[in-house]
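Look at the model first, then read on.

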Amino acid sequence: MNRSIPKDNGMTVVLIACALTFVLMLLASWFTYQVISADVARQAAIALDPNARPPAELWTAMGCSACHDLSEVQSAGNKGQPGPYMGGLDAVAADRVAGENALAYIKTSIVDPNAYVLDGYVANIMPQNFSEKMSASEIEMLAAWILDQNREQ
Ligand code: HEC
C-alpha cells in the first residue's frame, strides 16, 4: 500500500505548533502563579506577626529535625524514618491530596498530621499540637521554607 504524505500537511504542522505553544503558556503561567502566591503568602505572614520566629529556628526548636531530614530526597524506596525525608518535597507535595496545592498540603500536615498519613507510616507519631505552639504566620512561613529548595539553613 502506498501511504503517501498528504500535500496539505503544512496546516497540520501549524496547528500542532499552536497547540504546543498554548500548552507551554498554560504551564508557564501555572508555575508563575505558584511562585508568586507563595511569596505573597510569605509577605502577608510577616506583616501579620512581626515577632514570628524564623523557620530555621522553629525547625529545631519544635523538634522537626529529630524526625525529618531536609536534605535527604524522599523516594518510593527510601522514604526516611521516623518521619519522611523532606528533600525535594516541593516536587511531590502538590500531588498528595486532590484539591490541595503544595503549600496547603504542608500546612495541613503540620497542624493536623493525621489528616493524611503517608503510605508506610502510622498515625499519631508526629505531635498533634503544633498549632498551639506556633502562630499561624509561623506555620505559613515554616511551610513555605520547607518547600523552598534554596532555603537558607
Ligand atoms: C516524632 C516524630 C515527628 C516530629 C517531631 C515531626 N514529625 Fe512530621 N511526620 C512524622 C511522621 C511519622 C510523618 C508521616 C506520617 C504522617 O503523615 O503523619 C510525618 C509527616 C510530615 C509531613 C508530610 C510529609 C510528606 O512527605 O507528605 C510534613 C510536611 C511534616 N511531617 C512536617 C513536620 C514539621 C514541620 C515538624 C515540626 C514542626 C514535624 N513534622 C515534626 C513524624 C514527625
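A residue counts as buried if 20 or more other C-beta atoms lie within 10 Å of its own, as exposed if 12 or fewer do, and as partly exposed in between, with C-beta atoms placed from the backbone. Helices are DSSP runs (H or I, at least four residues), numbered from the N terminus. The model is predicted: local features need pLDDT of at least 70, side-chain atom pairs count only at pLDDT 80 or more, and totals for chains, interfaces and linings use all residues. Residue numbers start from 1 along each chain as its sequence is written.

Helix α5 covers residues 102–111. Among its buried residues are Ala 102, Leu 103, Tyr 105 and Lys 107. In helix α7, the buried residues include Ser 137, Glu 138, Met 141 and Leu 147. Because 10 of its 12 residues are buried, α7 is largely enclosed by the rest of the structure.

The ligand is surrounded by 24 residues, and the closest are Cys 64, Cys 67, Gly 83, Tyr 121 and Met 126. A residue is near a molecule if its C-beta atom, placed from the backbone, lies within 6 Å of it. Helices α3 (64–67) and α5 each supply at least two residues of this shell.
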